[in-house]
Amino acid sequence: MKKINSALAAGAVVILGLAAEAAEPSRPDADHAFAKRTHSGIPSIAASAKSGRLWCTWYGGPTPTEDQNNYAILATSADGGDTWKEVWCVDPDAKGPRRAFDPQVWAAPDGSLLWSWTDRDGSA
């Protein structure tokens with residue numbers, strides 16, 4: 001498992017990619033825009049104990065079903081969920097064969113947020 005420590009302006013995030021060669025997260029770009037997503041699934045949400053900031057993650061992709069094009073998104077809200085900003089994306093290799101799926105967020109007792117996902121070859 002690869003562990004990547006990152007800091008967002010909104011707070012500390014520990015990012016855990018569940019694969020020996022897990023993809024590095026990046027900022028979402030035009031290829032990951034909401035308008036290009038045709039499916040999404042497996043959402044997870046957590047709230048920061050200190051600030052009440054909400055964090056949500058899910059996977060999605062540009063094709064109609066789950067496949068090698070899946071990627072994971074991490075979004076945050078500072079206003080109780082009225083507005084959201086997508087801040088991180090994990091897309092192992094764009095059009096496959098690797099995919100990111102089943103992301104989870106967890107607010108740890110120390111106040112940090114843990115974000116994890118599974119990253120593997122989509123053919124298996």
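1. Ser44 belongs to strand E3, which covers residues 39-47. In this predicted model, the relative accessibility of Ser44 is 9%, under the 20% limit, and Ser44 therefore counts as buried. A polar atom of the Ser44 side chain lies 3.1 Å from the backbone nitrogen of Val105. Once neighbours within four places in sequence are left aside, the contacts of Ser44 are with Trp55, Cys56, Thr57, Pro103, Gln104 and Val105.

2. Which residues make up the largest nonpolar core? This core has 12 residues, namely Ala46, Trp55, Ala72, Leu74, Val87, Trp88, Val90, Ala100, Val105, Leu113, Trp115 and Trp117. At least two of its residues come from each of strand E5 (71-77), strand E6 (85-90), strand E7 (98-107) and strand E8 (113-121). Another core, of 6 residues, lies apart from it, with Trp58, Tyr71, Ile73 and Cys89 among its members. As general background, nonpolar side chains in soluble globular proteins tend to be buried together.

3. The structure holds 1 aromatic pair. The ring centres of Trp115 and Trp117 are 4.9 Å apart and the planes stand at 55 degrees, so this pair is described as tilted. The angle falls between the limits of 30 degrees for stacked and 60 degrees for edge-to-face rings. Trp115 has a relative accessibility of 0% and therefore counts as buried, and Trp117, also at 0%, counts as buried too.

4. Arg99 lies over the face of Phe101, where the distance from the ring centre is 3.8 Å.

5. Arg99 also takes part in a salt bridge with Glu66, with an N to O distance of 2.9 Å. Because Arg99 is in strand E7 while Glu66 is in the loop between strand E4 (54-61) and E5, this pair ties together parts that are 33 residues apart in sequence. Are the two partners buried or exposed, or something in between? Arg99 is buried, its relative accessible area being 7%, whereas Glu66, at 40% relative accessibility, counts as partly exposed.

6. The number of salt bridges comes to 4, and a further one of these joins Asp119 to Arg98, whose closest N and O atoms are 2.7 Å apart. This pair links distant parts of the chain, with Asp119 in strand E8 and Arg98 in strand E7, 21 residues apart. Asp119 is buried, with a relative accessible area of 5%, while Arg98, with 25%, is partly exposed.

7. A salt bridge also forms between Lys36 and Asp31, and here the closest N and O atoms are 3.9 Å apart. The limit for a salt bridge is 4 Å, and I would ask that this distance be stated wherever the Lys36 and Asp31 pair is listed. Lys36 has a relative accessibility of 44% and therefore counts as partly exposed.

Methods:
Residues are numbered from 1 along each chain as its sequence is written. This is a predicted model: local features need pLDDT of at least 70, side-chain atom pairs count only at pLDDT 80 or more; totals for chains, interfaces and linings use all residues. Side-chain values use heavy atoms; hydrogens and water are left out. Rings of Phe, Tyr and Trp (its six-membered ring) pair if their centres lie within 6.5 Å; planes under 30 degrees apart count as stacked, over 60 as edge-to-face and the rest as tilted. Buried means under 20% relative accessible area, exposed over 50%, partly exposed in between (1.4 Å probe, protein chains only). A charge sits over a ring if NZ of Lys or CZ of Arg is within 6 Å of the ring centre and within 35 degrees of the ring normal. Helices (H or I, at least four residues) and strands (E, at least two) are DSSP runs, numbered from the N terminus. A polar contact is a pair of N or O atoms within 3.5 Å; within protein, one must be able to donate a hydrogen and the other to accept it, and residues adjacent in sequence count only if both atoms are side-chain atoms. Contact means heavy atoms within 4.5 Å. A nonpolar core is a set of buried Ala, Val, Leu, Ile, Met, Phe, Trp, Tyr and Cys residues joined through side-chain atoms within 4.5 Å. A salt bridge is a side-chain nitrogen of Lys or Arg within 4 Å of a carboxyl oxygen of Asp or Glu.
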